[in-house]
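Dear colleague,

Please find the structure below, with the sequence alongside. My notes on the ligand surroundings follow it.

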Amino acid sequence: MADGTRRPLIAGNWKMHGLKVPAARTLGEIIEGYDPALRAGVDLLVCPPAPLLHMFSVVAVGSRVAIGAQDCHAEPLGAFTGEVSAEMIADAGATMVIVGHSERRAYCGESDGVVRGKALAARRARLTPIICVGETRQERDAGQALEVVGTQLFASVPDGPCDFVVAYEPVWAIGTGLTPTAQDVADMHAFMRDGLCKRFGAAADGVRLLYGGSVKPANAGELLAIADVDGALVGGASLVAADFLAIAGAAVS
Ligand SMILES: O=C(CO)COP(=O)(O)O
């Protein structure tokens, strides 16, 4: 549960889902459902695939639903075929960007150093990075979850201001319907908060720590009630407006 000074954030990571007509319909439903009661207590962010960023940003103007990207390149421009810079994302109207998602770490070989470079690029372009960390099943079973996440966090988060969000997403909980116990999430989030406070001092109290991995309307209440869980990074359930809004509702109830 956010402690009162941190406004909860419910972020939808659409991954590689979304063609413009049905996607615009879903975004419209999310905007419509973001009623005054939700607006008073929770921030909403939708992260569509890059080709939809500009359209989504235009559609969302005035709605207070924020739009974010799923990745960015570390360089502002250059000969990097197929890549999208943080500046381009900001230019498209987005305000946040996910970096270091475990799917990119696994499929694109992104190291902590690469992720830190992307977080710095986000800062340069005045985007808020959502820096993702999380252990594999094997690492958790070996009792190494805290150590692995602590190392990722330390090496992926850049020095400087506390202008970032962190998402703890256990790899084994993503898209599987499995979630850690409430105690395991509480322990991990307390551990991350402690690590950030040791490094950044009191400013780290303001950093929002999201949980991600099989968040659904049915389990959102329990997960969001955990101390130091300041919101959720939602995959599959964010593709259905009613489910995404129900998860947001759980953040304010
Ligand atoms: O990877 C995720 C969000 O970034 C989580 O995905 P699911 O909610 O589909 O498990």
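Gly-175 is partly exposed because 13 other C-beta atoms lie within 10 Å of its own; a residue is called buried at 20 or more such atoms, exposed at 12 or fewer, and partly exposed in between, with C-beta atoms placed from the backbone. This is a predicted model: local features need pLDDT of at least 70, side-chain atom pairs count only at pLDDT 80 or more, and totals for chains, interfaces and linings use all residues. Residues are numbered from 1 along each chain as its sequence is written.

Gly-175 sits in the loop that runs between strand E6 (165-168) and helix H9 (182-200). Helices (H or I, at least four residues) and strands (E, at least two) are DSSP runs, numbered from the N terminus. Beyond neighbours within four places in sequence, Gly-175 is in contact with Gly-235 and Gly-236 (contact: C-beta atoms, placed from the backbone, within 7 Å).

Gly-235 belongs to the loop between strand E8 (231-234) and helix H11 (241-252). Gly-235 counts as buried, because it has 21 C-beta neighbours inside 10 Å. Leaving out residues up to four places away in sequence, Gly-235 touches Asn-13, Lys-15, Ile-174 and Gly-175.

Around the ligand there are 14 residues, of which Asn-13, Ile-174, Ser-214, Gly-235 and Gly-236 come nearest (near: C-beta atom, placed from the backbone, within 6 Å).

The unreviewed UniProt entry annotates Asn-13, Trp-14, Lys-15, Gly-175, Ser-214, Gly-235 and Gly-236 as "binding site"; such annotations may be inferred rather than shown by experiment. These residues are spread over 224 residues of sequence but cluster in space, the largest C-alpha distance being 13.9 Å.

Regards

Definitions and conventions. Contact = placed C-beta atoms within 7 Å.
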